[in-house]
Amino acid sequence: MLRAAGVGVGDEVVVPAFGNSEVAEAVTLAGALPVFADIDPVTYCLAPGAVEAAVTARTAAVIAVHRFGRRADIGRLHALGQREGLLVLEQGESEAPHDEIAQRRERAAYLDAKLKGVRTPDGGDGHTYQQYVVRVPGNGRPDRDAFARALRARGVECRVPVKTPVHRLPEFRRCVSLPETELAADETLALPVDATLTKREMQRIVSACNALGGLLQPAF
């Protein structure tokens, strides 16, 4: 799509660093330079204000990535694109059947109501809960990683959704300030919310998290 739009050598494309590297790789393959902008701390998608701040005379396009079942603010990004003459592309997530989404939302609502000691996700704007991503309080990555290990020891599958932001990878390393991206990479943890989970399994997730969450203190 980038090549078809004429994006290539000498152009810059604004992309998120919170996620995998395939978007930045696509920009590089087109001959352009990926420029990283910060995310919205609620949706984990590109923050329109951060995108606007990253735009230069060389910027040709913006690629918004929808994340964890939340959509990027496409309306504001398209408005920015129209003002600045930029191509705005979207990378979506695979769509699940409606009944599966409904079941995930049901399980997410259960976790929202029961979990203590972690910050639950904001469910606004039609969240489909591709992943149920919480924030673990404390002092960043060491506490989050310890929390994750303890959950796994209690039989709860969980995963760190973004281990290393793309701007920290050797092939894309940039000296750029992305505080929300860095914080999200250090604090986020994806808990199970699959439609196949039984009530007993959901209760086990809650009891394991709550037993640990009460031991964590907010960072000062």
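Predicted model: local features only at pLDDT ≥ 70, side-chain atom pairs only at ≥ 80, totals over all residues.

Student: Are glutamate 187 and arginine 135 buried or exposed?

Tutor: The scale goes by relative accessible area: buried is under 20%, exposed is over 50%, and partly exposed is in between, with a 1.4 Å probe and protein chains only. On that scale, glutamate 187 and arginine 135 are both buried.

Student: How far apart are the closest N and O atoms of arginine 168 and glutamate 182?

Tutor: Arginine 168 is in the loop between helix H5 (141-153) and H6, while glutamate 182 is in helix H6, 14 residues apart. Arginine 168 is partly exposed at 35%, and glutamate 182 is partly exposed too, at 21%. The two form a salt bridge, and the N to O distance is 2.5 Å.

Student: What is the relative accessible area of arginine 70, which meets aspartate 122 in a salt bridge?

Tutor: The two side chains meet at 3.2 Å, N to O. Aspartate 122 is in the loop between helix H4 (98-114) and strand S5 (132-135), and arginine 70 is in the loop between strand S3 (59-65) and helix H3 (74-84). Aspartate 122 is partly exposed at 40%. Arginine 70, however, is buried, with a relative accessible area of 5%.

Student: How many salt bridges does a search of the whole structure find?

Tutor: The general idea is that side chains of opposite charge can pair when their charged atoms come close. Searching the whole structure, you get a count of eight.

Student: Where does arginine 152 lie?

Tutor: Its side chain belongs to a surface patch of positive charge, together with Arg149, Arg159 and Lys163. Arginine 152 is partly exposed at 42% relative accessibility. As for its place in the fold, arginine 152 lies in helix H5.

Student: Now the backbone: what is phi of tyrosine 129 near?

Tutor: Most residues other than glycine have a negative phi. Tyrosine 129 is in the loop between H4 and S5 and counts as buried at 5% relative accessibility. Its phi is positive, near 55°.

Student: And what is phi of tyrosine 44 near?

Tutor: Tyrosine 44 lies in the loop between strand S2 (33-37) and helix H2 (48-54). It is buried, with a relative accessible area of 8%. Here too phi is positive in a residue other than glycine, near 65°.

Student: Which residues is arginine 104 in contact with, leaving aside its neighbours within four places in sequence?

Tutor: Contact means heavy atoms within 4.5 Å. Arginine 104 is found in helix H4, and it is buried at 6%. Its contacts are Ala96, Thr128, Tyr129, Gln130, Val193 and Ala195.

Student: Which residues does threonine 128 touch, not counting residues up to four places away in sequence?

Tutor: Threonine 128 is placed in the loop between H4 and S5. At 14% relative accessibility, threonine 128 counts as buried. It touches Gly69, Ile101, Arg104 and Arg105.

Student: Last one: what is the relative accessible area of alanine 185?

Tutor: Alanine 185 lies in helix H6. Not counting residues up to four places away in sequence, it touches Phe18, Arg141, Arg144, Val162 and Pro165. Alanine 185 is buried, and its relative accessible area is 0%.

Note on methods: Residues numbered from 1 in each chain as written. Heavy atoms only, no water. Salt bridge = Lys/Arg side-chain N within 4 Å of Asp/Glu carboxyl O. Helix = DSSP H or I, 4+ residues; strand = E, 2+ residues; numbered from the N terminus. Patch = residues over 30% accessible without salt bridge, like charges linked within 9 Å, V, L, I, M, F, W, Y side chains within 5 Å. Areas by Shrake-Rupley, 256 points an atom, 1.4 Å probe, with all protein chains shown as cover. Lys, Arg positive; Asp, Glu negative; His and termini not counted. Charge placed at Lys NZ, Arg CZ, Asp CG, Glu CD.
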